[in-house]
Amino acid sequence: MQKIKIGSHVKMAGKEMFLGSVKEAESYGASVLMLYTGAPQNTVRKEIKDLNIEAGWEYAGKAGIEEIVVHAPYIINLGNTTKPETFELGVTFLEKEIKRTAAMRSKILILHPGAHVGAGEEAGLAQIIKGLNLVLDENEDDVFIALETMAGKGSELGKTFEELRKIYDGVHKKDRLRVCFDTCHVNDAGYHLVEDYEEVLRQFDEVIGLNQIAVIHINDSMNPCGAHKDRHANIGKGYIGTDILKQTVHDERFSQIPKILETPWICEEGSKEKKIAPYKEEIAALLNKGDSYGNET
């Protein structure tokens with residue numbers, strides 16, 4: 001039986017940098033991890049030589065972690081047609097993030113496709129395609145861009161499988177594209193994962209292809225199907241519930257796909273500050289087929 005690839009988002013900070021990321025993932029019982037190469041809200045980045053990559057991978061080998069996933073920062077918006085400087089920043093910074101992902105020895109860079117910020121879906125999708133072509137046409141790194149399925153809040157694109165398909169169709173190097181399937185986002189976008197898991201996957205397979213899924217974000221949702229809110233809930237504490245998330249984790253079609261938790265940190269008893277990572281307990285519960293710790297909405 002193959003080991004399920006499951007982990008969570010972890011920090012990369014301080015003196016240890018990537019080494020610290022791997023140690024954090026190990027403490028959760030993870031076999032994979034996801035990280036940002038710097039703060040997701042800005043362009044401040046340490047030099048690659050300062051990321052402690054060699055020491056991190058040496059420790060990873062002992063910890064049984066063989067794969068990592070990188071997430072591009074939120075500030076990249078390739079869909080913006082109203083502010084040229086925002087689009088140009090997105091293109092330039094995505095180019096740098098691909099280089100950093102390759103240096104981290106990751107094959108996958110997750111990217112939020114972008115938002116049209118009022119210009120309309122057609123204009124936004126065309127701009128995303130333009131941006132990806134500007135980046136990928138000149139890039140030869142062995143890194144896939146995994147477009148994330150989005151919830152559809154505001155003007156963000158990628159909320160339907162068809163929108164992602166349109167991006168694929170317009171990109172010259174479409175073999176460099178993949179998808180990050182986020183359970184919370186798919187639910188919030190209006191796909192009935194809970195009521196008909198297999199039908200949702202059939203639709204995805206028909207439009208894009210299940211073989212294009214490179215990462216799965218395992219998140220419960222604070223909101224019902226079709227809410228377009230994008231607020232993650234802890235496993236079993238939202239509208240998706242434990243059963244479907246376990247089904248996804250144990251689905252043999254995704255046995256080689258990294259599953260990454262991005263669920264909220266939790267509070268100590270009597271405190272309102274979220275200081276406790278839930279990932280050790282959530283990973284253990286998801287891996288245990290017979291375990292059930294409640295579906296709450």
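Colleague: On what basis are residues numbered, and which parts of the model count?

Modeller: Residues are numbered from 1 along each chain as its sequence is written, and since this is a predicted model, local features need pLDDT of at least 70, side-chain atom pairs count only at pLDDT 80 or more, and totals for chains, interfaces and linings use all residues. Side-chain values use heavy atoms, with hydrogens and water left out.

Colleague: How many helices and strands does the protein chain have?

Modeller: Helices (H or I, at least four residues) and strands (E, at least two) are DSSP runs, numbered from the N terminus. Here the protein chain has nine helices and 14 strands. Its radius of gyration is 18 Å, close to the 19 Å of the globule rule for 297 residues, so the chain is as compact as a globular protein of that length. The radius is taken over C-alpha atoms, and the rule is 2.2 Å times the number of residues to the power 0.38. Along the principal axes, the C-alpha atoms fill a box of roughly 50 × 45 × 40 Å.

Colleague: What percentage of the residues of the protein chain count as buried?

Modeller: Buried means under 20% relative accessible area, exposed over 50%, and partly exposed in between (1.4 Å probe, protein chains only). By that definition, 55% of the 297 residues count as buried. As for contacts (heavy atoms within 4.5 Å), among those between residues at least 6 apart in sequence, 76% join residues at least 24 apart.

Colleague: Which strands pair with strand S9, and in what sense?

Modeller: Two strands pair if DSSP finds at least two bridges between them. Strand S8 (residues 177–182) pairs with S9 in the parallel sense over four bridges, and cysteine 180 stands opposite valine 215 in S9. S9 is also joined by three bridges to strand S12 (residues 259–261), again running parallel; there isoleucine 216 stands opposite lysine 259 in S12. Strand S9 itself (residues 213–218) is mostly covered, with six of its six residues buried.

Colleague: In which sense do S2 and S3 pair?

Modeller: In a regular strand the side chains alternate between the two faces of the sheet. S2 and S3 pair in the parallel sense, over four bridges. Leucine 35 stands opposite valine 70 in S3. Four of the five residues of S3 are buried, so this strand is largely enclosed by the rest of the structure.

Colleague: How many aromatic pairs does a search of the whole structure find?

Modeller: A pair of aromatic rings is described by the distance of the centres and the angle of the planes. Rings of Phe, Tyr and Trp (its six-membered ring) pair if their centres lie within 6.5 Å; planes under 30 degrees apart count as stacked, over 60 as edge-to-face and the rest as tilted. The search of the whole structure finds six such pairs. One of them joins tyrosine 28 and tyrosine 279 edge-to-face, at 5.3 Å centre to centre with 70 degrees between the planes. This pair links distant parts of the chain, 251 residues apart: tyrosine 28 is in the loop between helix H1 (18–27) and strand S2 (32–35), and tyrosine 279 is in helix H9 (residues 279–287).

Another edge-to-face pair is formed by tyrosine 36 and tyrosine 74, at 5.7 Å centre to centre and 75 degrees between the planes. Tyrosine 36 lies in the loop between S2 and helix H2 (53–63), and tyrosine 74 in the loop between strand S3 (67–71) and helix H3 (84–103), so the pair ties together parts that are 38 residues apart in sequence. Tyrosine 36 is buried, with a relative accessible area of 7%, whereas tyrosine 74 counts as partly exposed at 44%.

Colleague: Is serine 8 buried or exposed, and which residues does it contact?

Modeller: Serine 8 is found in strand S1 (residues 6–9) and counts as buried at 1% relative accessibility. Leaving aside neighbours within four places in sequence, serine 8 is in contact with residues including Tyr28, Tyr279 and Ile260.

Colleague: What is the phi of asparagine 52?

Modeller: Most residues other than glycine have a negative phi. Asparagine 52 has a positive phi of about 60 degrees although it is not a glycine. Asparagine 52 is placed in the loop between S2 and H2 and is partly exposed, with a relative accessible area of 27%.
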